[in-house]
Amino acid sequence: MNTEQLKQLYTKFVGSSPEMITEMPASGSNRRYFRLTGAKSIIGVYGSCREENEAFMYMSCHFRSKRLPVPQVYACSDDHLYYIQEDLGDTILFKAIEKGRLTSVFSEEEKTMLRKTVRLLASVQFAGAKGMDFSVCYPQAEFNQRSILWDLNYFKYCFLKATGLDFQENLLEDDFQHMSEVLLKSNSTTFMYRDFQSRNVMLREGEPWFIDFQGGRKGPFYYDIASFLWQAKAKYPSTLRNELLKEYLDAVRQFEPIDEAEFYSQLRHFVLFRTLQVLGAYGFRGYFEKKPHFIQSVPFAIDNLRQLLTSDYPEYPYLCQVLRELCNLKQFKDDLKKRQLTVKVLSFAYKKGIPDDPSGNGGGFVFDCRAVNNPGKYDRYKPFTGLDEPVIKFLEDDGEIFTFLEHAYALVDASVKRYMERGFTNLSVAFGCTGGQHRSVYSAQHMAEHLNSKFGVKVELVHREQNIEQTFDRKE
């Protein structure tokens, strides 16, 4: 690697030497990027594989001839190992939607950027394929059985075996073979980006531009939308994912008619395949090359896999068995538990103070039960609590407690649902009454049972004034 080559290319193109050369952060590949600044800001690239560089340069020229937003290549060295290209700035889509990724609540501005991106993807896949010489693609001209099995074995050897999980290799290979047959039913003449994700989309004046498409080839369009919407760390909520799929299908229809039912039926196979391919890459880059970014991404990909396996894939029985065992390995289950929601439900007496939130977050709900008819006014109920049949019968015959809890359930259910989607780990729900004995105890007990039954979350129940604690375990 010699930056002098990049300086010479810059000087020849711009007419003056660069004032500064700054190496940019490394990506997942072995390519190295530099920003050369001076009279003009330009990106310099060194790639050790000539054929891969030639593929990128050809595709850039071809896409630009179709008026697609990709960086222009200005010049390259005689050996094609160095080239300079248009500087699109520093804003990648992955960073631009960071707030949404971290909270799972995407703003309208973030959604607009995502809509534009999936619509542009369709243009690159369909319009970009017209007139393309796919023989230039590296390392394969098209998506075929060999490339599918390469990726599945990449997962097997670089990730699955690295976990130490025992499996029967011949049975796994049978399902790999079957998966390749299913995926190849979707063969098409479109351009398959192959590594389409929000890190490979730049934003320039609010519009998406595509980069790092050098691994593209001819192949089915399902693959790229699966890669994008199920990107491990993107964390798109299912509602947004479905919205973006509809946007994408609308864009695809500008190029050809599409059977929506068939699209969704086939898409799920590509989502599973892409998830396995990504885990293989994380295994190699993380476990073998020791790159922390990839190791940190593994739990997100495992979460994706868990969600996929909630629906059956009868085509691959042994593979699904192995994948479920993989998700249940201690190292992945322990990580999941750290990020799962626990709800703390408490009953208390107002005269002894509102309980502190033990998680330290200082939030949660506090419901005042004192408007509900109080059995504590009557001597015959004073020996009992809201867990005892006489008090339960009094409150339920009166009926006010049902209306009260109906409203409390609605509020808390909405928060629990969002907390689970956003990966929050603690929520506090407290019920207070005069003595912390009747109404608050009844309410807290029913709330705890309700949340555990409806959402399967772990609930820690504390009746503070009664010195009673109960744990409702998480339902798998």
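**Notebook: salt bridges and a helix pair**

I looked up Lys-393 and found it partly exposed, because its relative accessibility is 49%. (Buried means under 20% relative accessible area, exposed over 50%, partly exposed in between, with a 1.4 Å probe and protein chains only.) This is a predicted model, where local features need pLDDT of at least 70, side-chain atom pairs count only at pLDDT 80 or more, and totals for chains, interfaces and linings use all residues. Residues are numbered from 1 along each chain as its sequence is written, and side-chain values use heavy atoms, with hydrogens and water left out.

**Entry 1.** I checked the partner of Lys-393. Its side chain meets that of Asp-397 in a salt bridge, 2.7 Å from N to O. (Helices are DSSP runs of H or I, at least four residues, and strands are runs of E, at least two, numbered from the N terminus.) Asp-397 is exposed, at 56%.

**Entry 2.** I then looked at Glu-169. Glu-169 forms a salt bridge with Lys-156, the closest N and O atoms being 2.7 Å apart. Glu-169 is in helix 7 (residues 169-184) and Lys-156 in helix 6 (residues 145-160). Is Lys-156 buried or exposed? Lys-156 is buried, at 1% relative accessibility. Glu-169 is partly exposed, at 30%. Lys-156, Lys-161, Glu-169 and Glu-173 are linked in a network of salt bridges.

**Entry 3.** I noted the total: the structure holds 29 salt bridges.

Notes:
Salt bridge = Lys/Arg side-chain N within 4 Å of Asp/Glu carboxyl O.
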